[in-house]
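Hi,

Here is the structure you asked about. Please open it first, then read my notes below.

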Amino acid sequence: MSNVFMGMPSLPVFGDGNLHIDEPFPAAAHRELGNTQMRANLRHATHTIRDKRLKVVAELPDWEELRDAGSATKNHVMANLPALLEEFEKNFTARGGTIHWARDAHEANKIVADLIRDQDTTEVVKVKSMATQEIGLNEYLEERGISAFETDLAELIVQLGHDKPSHILVPAIHKNRTEVRDIFLKEMPNVDPDLTDEPRQLAMAARAHLRRKFLSAKVAVSGANFALADSGTLAVVESEGNGRMCLTLPETLITVMGIEKLLPGKEDLEVFMQLLPRSSTGERMNPYTSLWTGVTEGDGPQNVHLVLLDNGRTAALADKYGRTALNCIRCSACMNVCPVYERTGGHAYGSTYPGPIGAILSPLLTGIKSEENSSLPYASSLCGACYDACPVKINIPEILVHLRGEDVDSKRGAKKLPTQMDLMMKGAGWAFSSGKHLALLEKGLPLGKLAAGRDKKIKRLPGIAAGWTQSRDVPAPPAQSFRDWWKKDHTPVAPTHKQEN
């Protein structure tokens, strides 16, 4: 048998870029919990969005049927992704567009940078895009002397504040309007020194700042919400109109899109254009929906490129339990109902994708063994609110449990030696398998009282249990078990039998 390398990559190929977190979630969350202003901002914003969503969802009697349809469509896409990608490529190129395939963040960044250099410019305007944040495009371009200007208001706030996004839909959700005004006064050129924190004044300042960029830019970079395989059409939905400016004014348009964003055809948009705005902004429809199909002579960009990004998506697709995470349409509904996200904010998750969807998507794209990402599946109470809110019915709690199991298995090592958790679960299984076993263990309750001390609290436990007492105390066990109390205070009653007449 030949040992010649045939050029086929070994799978899975995991993603890179801004998917890897720098510190475990518990440490980052502990730090962020101390930011009381951020927590207040976040609570107000998420509760406002979730209340709006509940109202507009309640207007649709077939909301659950729409969710079923969205889920079924995305499952169909994932089951037929290779064929749909080929169909999309054929239709996109037939209409004058150029397709570029990128295996990872580095390849995607290099493709975009080379395309910008070909246009002899050092400035680009950008539509809000999670994919470009994922690959770290802005930082990559900056290192090569190319300035990327965010045109979405929230992204602009984050960029000017030298900050990172903390929410999929509203990147600056952790900032209030007074903080935004201070950022504009400090970082925005030629801003009125008397600028107030009134929303209209802030929006007008951003518009004046961006207008020159819109009119002079030769190149725009965008993401895409959907791609239609049957026609090669791309779609972007947004709320401000800045995306429409970027998608129509420059001569060159470069779109970076994850390969999972496909839909089979235009009829599928009917479902997703109802699901997405209601789930994301609590609106009945998006203020701006832009669709373009290749190049149209004399209308819009004449040099149209699309970078199709893998970056760990095929690795996630290979996980039969976790692959439905790729169904995500980036609406952020799961984040707005998550009690963990509401208190820690998006920065605690480290990755581009925060909240419940980030807790499963990032480890799937990078592999559970990657750096500190193995801590993300534990960033949940498993309350299930995210599953109830998801417009395409991604069972996030189920995937979280699956990834926790993957994490435990990965830490056993090659010899698969039992961990402390394995031994604890084995012991619990033995204890609850028999009433006699449980009664035997209950005889040790007095020892627990001794460990608690005078304040009747156990403040430190050994081994893996130390993780519990690190943030909470364990009450002292009772003097006697319920079984002992019942046996002592209740006399068994002999069964009675009815006499037959």
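Start with Ile254. This residue sits in strand β7, which runs over residues 252–258. Keep in mind that the model is predicted.

Is Ile254 buried or exposed? Its relative accessibility is 0%, and buried means under 20%, so Ile254 counts as buried.

Which residues does Ile254 touch, beyond its neighbours within four places in sequence? The contacts are Val112, Leu115, Ile116, Val219, Ala220, Val221, Ser222, His305 and Val307. Lys186 is another matter: 68 residues separate Lys186 from Ile254 along the chain, and their C-alpha atoms are 31 Å apart.

Now the cores. In soluble globular proteins, nonpolar side chains tend to be buried together. Here the largest nonpolar core has 104 residues. Phe88, Phe184, Phe226, Leu234, Ile360 and Ile394 touch the most other members. Apart from that core lies another, of 22 residues, including Leu115, Val256, Val307 and Leu309.

Take Ile394 as an example from the largest core. Leaving out neighbours within four places in sequence, Ile394 contacts Thr324, Ala325, Asn327, Cys328, Ile357, Ile360, Tyr387 and Ile399.

Last, the whole protein chain:

- There are 23 helices and 12 strands.
- The C-alpha trace spans about 95 × 70 × 60 Å along its principal axes.
- Of the 501 residues, 47% count as buried.
- Among contacts with a separation of 6 or more, 74% join residues 24 or more positions apart.
- The chain exposes about 26,200 Å², and carbon and sulfur atoms supply 55% of that.
- It has 59 positive and 62 negative charges, with mean positions 9 Å apart.

Best wishes

Methods:
Residues are numbered from 1 along each chain as its sequence is written. This is a predicted model: local features need pLDDT of at least 70, side-chain atom pairs count only at pLDDT 80 or more; totals for chains, interfaces and linings use all residues. Side-chain values use heavy atoms; hydrogens and water are left out. A nonpolar core is a set of buried Ala, Val, Leu, Ile, Met, Phe, Trp, Tyr and Cys residues joined through side-chain atoms within 4.5 Å. Buried means under 20% relative accessible area, exposed over 50%, partly exposed in between (1.4 Å probe, protein chains only). Contact means heavy atoms within 4.5 Å. Helices (H or I, at least four residues) and strands (E, at least two) are DSSP runs, numbered from the N terminus. Accessible areas come from the Shrake-Rupley method with a 1.4 Å probe; for residues, only the protein chains shown count as cover. Lys and Arg count as positive and Asp and Glu as negative; His and the chain ends are not counted. The place of a charge is taken as NZ of Lys, CZ of Arg, CG of Asp or CD of Glu.
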